[in-house]
Amino acid sequence: MEMTQTMGRGRGRQVDLLHGPIFRNLLLFAIPIFISNLFQQLYNAADAMIVGNVLGDTSLAAVGACASIYELLVGFGLGIGNGLAIVTARAYGAQDPDKVKKTVAGSMVIGLVASALITIFGLLFLRPLLQALDTPPEILDEAYSYIIEIARFVVVMFAYNLCAALLRAVGNSVMPLVFLIFSSCLNVGLDYWFVAGLEMGVRGAAVATVLSQALSVALCIVYILRYAKHLVPSRRHFRLEKGLYRELITQGLSMGLMSSIVSAGSVILQYGINGLGTLVIAGHTAARKLFTFTDMPVIAMATAGSTFVSQNRGADKPDRIRKGMKQIWMFAFGTAIVMTVLMSLFSGVLVRLVSGSSAPVVLENGARYLVWNAPFYSVLGVLLATRYALQSLGQKVLPLISSGIELVGKILFMLFFIPRFGYNAVILCEPVIWCFMCAQLLWSYWNDPYIKASRDKSRPH
């Protein structure tokens with residue numbers, strides 16, 4: 001009753017994923033996530049655009065050289081946050097308000113500990129890691145000055161993601177977007193001020209990112225305390241319950257490890273890219289920044305699907321889960337068609353805009369990356385949606401296998417294909433690996449005990 005009454009005050013911001021038309025509600029829930037992801041990427045894209053245009057190709061390459069390490073540091077924390085929110089979403093679907101608050105309390109404790117450990121790791125090993133990745137000497141100091149600021153304040157990144165994930169877990173994907181739009185605009189202004197005005201170099205871009213994220217955290221916390229009190233735990237909710245903490249830790253670590261394994265593969269791939277020269281790094285950096293925008297529709301729908309599956313698993317609605325997953329997969333194929341057309345027409349212009357470069361190597365490599373990847377967004381969309389669905393169903397090991405496939409694949413490409421085929425091998429590395437990952441995940445989904453039992457019951461006898 002407490003949860004229902006509190007939710008009623010913000011009903012206009014909620015999307016009911018447990019009842020009504022599945023695809024329409026998924027789309028309504030996914031649109032704010034898509035726009036939120038768009039503005040989230042403005043943090044990094046603003047760094048790349050302003051650094052590239054103000055400081056030049058060398059500084060842009062410095063930001064790009066530590067991009068995979070950024071994903072490794074931040075991605076582990078964000079993965080843990082998303083995993084913790086899955087448990088909250090299941091409790092919400094089961095209409096258990098007391099457990100919802102207990103999951104929030106446990107998530108806060110686990111999140112603070114995880115953030116502290118990530119920061120300690122970053123402070124101790126970042127420079128040696130950059131050196132081990134064969135980062136060109138002329139950009140090593142700049143790259144380190146950028147990534148060290150991110151490492152010091154991983155807790156800020158984690159706190160925002162956890163707040164946003166918890167709001168989405170109970171059906172509110174709008175308010176995290178509102179806070180993020182405001183702070184993203186602030187980030188652009190701070191980037192120009194710190195990089196160009198105060199002449200802080202690439203370190204200024206990192207400081208701007210952290211300060212802007214901190215504002216998002218403050219706004220989210222104020223909103224939750226005032227309008228989402230069903231997520232606010234009291235002191236008694238912090239009492240240790242071994243079963244619940246075990247569920248939270250294993251679910252959080254499953255997604256955190258998945259993200260870190262994926263990022264570790266990216267770090268290894270970055271080693272191969274760094275050996276191709278500064279201009280190739282700059283072109284790849286611009287293309288990757290654009291890629292993080294163009295793949296947003298499938299990521300947003302997969303994220304919406306995670307909450308959808310979690311809530312419906314808690315409510316024990318397997319048929320609704322199966323119908324929703326099929327519609328999410330079809331959405332991925334439609335997105336791939338649209339992106340293939342757009343990249344064929346505009347990839348060159350976009351790479352020039354982001355990089356600020358006129359060097360043919362930068363522009364041609366970046367454009368080719370975008371054009372070749374676009375058709376595979378269908379595979380990526382199915383892959384992400386299925387992996388998130390498995391985690392939302394409570395699977396913790398099977399999704400990690402797909403990450404292991406990605407890690408092994410990137411090692412093989414770095415060792416055998418990139419030295420022989422150069423940047424073309426870099427472009428094709430992920431699409432080829434996605435196909436193998438997708439096959440394993442689909443097999444795991446259709447053989448999940450909960451889904452399989454539902455499918456068997458629905459068959460005519």
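Rings of Phe, Tyr and Trp pair if their centres lie within 6.5 Å. The model used here is predicted.

**Exercise 1. Aromatic pairs**

Find how many aromatic pairs the whole structure holds, then classify the pair of phenylalanine 413 and phenylalanine 417.

Solution.
- Step 1: A search of the whole structure gives 12 aromatic pairs.
- Step 2: In one of them, phenylalanine 413 and phenylalanine 417 stand 4.8 Å apart, centre to centre, with 40° between the planes.
- Step 3: Planes under 30 degrees apart count as stacked and over 60 as edge-to-face, so the rest are tilted. The pair of phenylalanine 413 and phenylalanine 417 is tilted.
- Step 4: Both residues belong to helix α16, 4 residues apart, about one turn of the helix.

**Exercise 2. Two helices**

Determine how the axes of α10 and α16 are oriented to each other.

Solution.
- Step 1: Take α10 (residues 242-274) and α16 (residues 398-421); their axes come within 9 Å and cross at roughly 5°.
- Step 2: Angles under 35 degrees count as roughly parallel. The helices α10 and α16 are therefore roughly parallel to each other.
- Step 3: List the contact. Residues of α10 including Leu257, Ile261 and Ile268 meet residues of α16, among them Leu400, Leu407 and Met414.
- Step 4: Sort the contact by class: 14 nonpolar, 6 polar and 2 charged residues.

**Exercise 3. The largest pocket**

Describe the volume and lining of the largest pocket.

Solution.
- Step 1: The space in the largest pocket is about 410 Å³.
- Step 2: Its lining has 18 residues; Val104, Met108, Leu162, Cys163 and Ile221 lie nearest the centre.
- Step 3: α5 (97-132), α7 (154-169) and α9 (202-227) each supply at least two lining residues. α7 gives the most, with 6 residues.
- Step 4: By class, the lining has 17 nonpolar residues, 1 polar residue and no charged residues.

Methods
Residues are numbered from 1 along each chain as its sequence is written. This is a predicted model: local features need pLDDT of at least 70, side-chain atom pairs count only at pLDDT 80 or more; totals for chains, interfaces and linings use all residues. Side-chain values use heavy atoms; hydrogens and water are left out. Axes are lines fitted to C-alpha atoms, for helices over the stretch in contact, and angles run from 0 to 180 degrees between N-to-C directions. Angles under 35 degrees count as roughly parallel, over 145 as roughly antiparallel, 65 to 115 as roughly perpendicular and the rest as oblique. Contact means heavy atoms within 4.5 Å. Ala, Val, Leu, Ile, Met, Phe, Trp, Tyr, Cys and Pro count as nonpolar, Asp, Glu, Lys and Arg as charged, and the others, Gly among them, as polar. On a 1 Å grid over the protein atoms alone, a cavity is a set of points where a 1.4 Å probe fits but cannot get out, and a pocket is an open set with protein on both sides within 12 Å along at least five of seven lines; lining residues have an atom within 4 Å of a point. Grid points are joined across faces, edges and corners, and a volume is the space filled by probe spheres set on the points. Rings of Phe, Tyr and Trp (its six-membered ring) pair if their centres lie within 6.5 Å; planes under 30 degrees apart count as stacked, over 60 as edge-to-face and the rest as tilted.
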